[in-house]
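My notebook is open, and I am ready to look around. Come along and check each entry against the picture.

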Amino acid sequence: MSSANKPTTAVKLVLLGEAAVGKSSLVLRFVSNDFQENKEPTIGAAFLTQRCTIGDKTIKFEIWDTAGQERFASLAPMYYRNAQAALVVYDITKPASFIKARHWVKELHEQASKDIIIALCGNKYDLISKNNEEGEEIESNRKVSIEEGQNLAEEENLLFFETSAKTAYNVNEVFMAIGNKIPSGKKKNNDGGLGLSAGRGDNDDNNNGRVDLNAPIDAGANNANCAC
Amino acid sequence: MDENYDVIVLGTGLTECILSGLLSVEGKKVLHIDRQDFYGGESASLNLSQLYSKFKPSKKPDESLGRDRDWCVDLIPKFLMANGELTNILVHTDVTRYIEFKQISGSYVYRNGKIAKVPSTAAEAINSSLMGIFEKRRMRNFLEFIAKYDENDVSTHKNMDFDNETMDEIYYKFGLEAGTKDFIGHAMALWSNDDYLKQPARETYNRIVLYLQSVARYGKSPYIYPLYGLGELPQGFARLSAIYGGTYMLDTPIEEVFFEDDGKFKGVKTKEGTAKAPIVIADPTYFPNKVKKTGQKVIRAMCILNHPIPNTNNLDSLQIIIPQNQVGRKNDIYIAVVSSAHNVCSKGHYLAIISTIIETDKPHVELEPAFKIIGPTEDVLMGIAELYEPISNGKDDNVYISKSYDPSSHFEATTDDVKDIYERIIGKPLVLQQRKTATEEEELSGL
């Protein structure tokens with residue numbers, strides 16, 4: 001029953017969205033089931049992995065954070081390369097972040113591979129649904145209606161969820177929904193590679209001259225470097 | 001965004017991006033700006049429309065070339081030595097996680113009007129078509145000597161003294177012919193002219209060893225190359241910097257540079273406001289008054305082909321070196337060939353980038369021998385670049401300027417420049433420290 005026996009599909013997933021909408025928090029919730037209030041902008045941990053088992057397949061999400069490079073519109077083409085899934089995040093209490101989400105969806109259609117799976121996330125659901133002492137909802141905080149999100153998702157053929165990284169609401173569901181749409185087995189995309197995981201031992205498709213720079217070099221080969 | 005930083009970096013060329021990455025990892029607060037809206041500066045890889053608008057604004061790329069984004073054409077043609085210092089830096093900074101590398105399938109040299117594989121083992125020397133039967137044996141002896149040479153074991157030195165004998169004297173002791181010297185010195189030691197013959201043999205020996213070990217590492221050639229082109233390298237190091245808190249602003253021209261009264265760098269003004277830092281690192285284009293011409297100009301011809309290079313067994317990628325003596329020149333001509341196997345052009349196409357240091361007032365004519373080797377072309381785009389270097393070492397004004405990318409076929413001079421600038425800024429030599437590996441990080445995250 002161990003998931004280790006099931007075929008593992010590596011999936012590069014990229015995060016997009018305005019600063020401070022909770023991109024890293026969603027990932028932190030998904031990967032570590034954790035949440036940090038007033039989290040500092042992303043530093044030092046922009047590449048997380050999480051395995052999850054869906055039916056008879058295991059998916060290894062390799063999650064790329066923007067590392068703040070979106071702030072001045074300076075994301076590199078490398079960021080989108082070979083991404084098979086993207087999470088476009090906005091804050092349901094901030095209309096400007098929803099406008100930005102449209103922009104990112106457009107950007108993905110232009111820059112990423114054609115068959116990329118995009119999930120749209122209206123985050124910070126806790127801010128409008130926080131059950132206070134009387135059990136009432138604070139609906140007035142909401143500035144982007146659920147219909148607006150749904151409409152954009154329908155127009156652009158996106159998965160859509162309202163989420164809360166703080167309460168974990170719908171967080172696993174987003175990743176499961178993405179996982180469900182990933183074709184099982186080794187997916188060969190037209191660029192001929194699975195991006196970053198090649199040569200790391202878990203990617204056994206034909207290597208065709210591909211090299212793993214991290215593989216140890218035998219001691220003899222090191223000599224001359226020392227002799228210089 | 002009026003803010004204070006530890007270092008401001010101008011230009012996103014490879015040298016600048018490696019330094020940004022290294023300094024960010026060490027905890028420095030870095031602001032990295034480029035006036036252009038793409039990463040890479042002079043060391044970028046361009047798509048078709050960028051390429052044509054830069055080199056042939058009057059012409060649109062032919063439709064048969066396919067989609068714009070399938071193309072990543074290097075502005076500066078180079079390959080990485082598999083055992084070279086850039087590979088070392090990539091591994092130690094773990095930037096290898098963002099970039100995939102493939103071998104370059106062959107290393108060729110031009111001799112007596114033909115091209116052939118550079119022999120890198122005694123067995124290959126014996127089978128090589130580059131030499132006659134007696135010369136093959138001499139070459140085999142030479143390669144065996146290099147392979148067995150051990151600094152600490154005098155019996156392997158065969159009375160050769162690398163520090164007090166010139167390389168020409170070493171060649172003489174093996175009785176090697178002029179043409180063989182050409183391919184050892186130019187296709188293995190990768191010297192671009194013959195000045196090395198009169199210098200102590202030590203550096204040439206080191207270079208030959210680097211070549212042979214690089215070949216030994218993956219087999220087909222000493223070279224490796226990133227999928228999607230060399231432009232991935234600056235992007236990868238920029239990402240490293242960003243992950244460690246570096247701030248990135250593309251498409252942001254520098255409106256003004258501020259200096260203190262004593263002439264030291266103070267900050268820059270951009271559309272986003274003023275940013276201050278005690279130190280600036282920049283490529284030569286950002287401080288035209290603080291750089292000088294090296295006197296060398298390089299011509300580069302980017303040739304689009306719809307066939308592999310003739311007489312190479314249809315290799316998908318290779319380097320061809322035309323040693324200067326073979327065509328009556330003072331500087332070698334390099335041809336770097338890549339193809340859709342490296343995701344740098346659309347299927348069925350090949351890119352051959354020819355480069356050399358200009359020696360006459362008809363530089364395009366100087367490339368003729370290379371055009372003969374590569375065969376018919378779909379289109380050729382040419383550019384001439386003047387090479388610059390900083391006037392001072394930056395200690396007086398805290399302006400640290402990189403050198404233009406040299407015309408060599410590899411990155412060893414670029415990484416020398418990186419290490420040199422690093423040491424001038426930090427005050428001690430660069431020591432590479434291994435970052436946590438992917439597996440360790442995975443374990444840390446509790447999986």
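Below are my entries, chain by chain.

**Ground rules.** I am looking at a predicted model, where local features need pLDDT of at least 70, side-chain atom pairs count only at pLDDT 80 or more, and totals for chains, interfaces and linings use all residues. Residues are numbered from 1 along each chain as its sequence is written, while chains are lettered from A and ligands numbered from 1 in the order in which they are written.

**Chain A, overview.** I looked up the elements of chain A and found seven helices and seven strands. Helices (H or I, at least four residues) and strands (E, at least two) are DSSP runs, numbered from the N terminus. Starting at that end, I read the order β-α-β-β-α-β-α-β-α-α-β-α-β-α. Of the 228 residues in chain A, 42% are buried. A residue is buried if 20 or more other C-beta atoms lie within 10 Å of its own, exposed if 12 or fewer, and partly exposed in between, with C-beta atoms placed from the backbone. I also checked contacts in chain A between residues at least 6 apart in sequence: 72% of them join residues at least 24 apart. Two residues are in contact if their C-beta atoms, placed from the backbone, lie within 7 Å.

**Chain A, two helices.** At what angle do α1(A) and α6(A) pack? I noted about 85 degrees for helix α1 (residues 23-32) and helix α6 (residues 171-181), with their axes 9 Å apart. Axes are lines fitted to C-alpha atoms, for helices over the stretch in contact, and angles run from 0 to 180 degrees between N-to-C directions. The two helices are therefore roughly perpendicular to each other, a label for angles of 65 to 115 degrees. From α1(A), the contact uses A:Leu26, A:Arg29 and A:Phe30, and from α6(A) it uses A:Val171, A:Asn172 and A:Phe175.

**Chain A, one tyrosine.** I found A:Tyr169 in the loop between β6 (159-162) and α6 of chain A. Is A:Tyr169 buried or partly exposed? It is partly exposed, with 17 other C-beta atoms within 10 Å. Leaving out residues up to four places away in sequence, A:Tyr169 touches A:Tyr125, A:Thr163 and A:Ser164.

**Chain B, a strand with two partners.** Next I turned to strand β10 (residues 223-226) of chain B. B:Tyr223 and B:Tyr225 point one way from this strand, B:Ile224 and B:Pro226 point the other way, and all are buried. Strand β6 (residues 80-81) of chain B pairs with β10(B) in the antiparallel sense over two bridges; strands pair if DSSP finds at least two bridges between them. Here B:Leu80 has B:Ile224 as its bridge partner. Strand β7 (residues 101-103) of chain B also runs antiparallel to β10(B), joined by three bridges.

Just after α7(B), I spotted B:Leu190 with a positive phi of about 60 degrees.

Note on methods:
Parallel < 35°, antiparallel > 145°, perpendicular 65-115°, else oblique.
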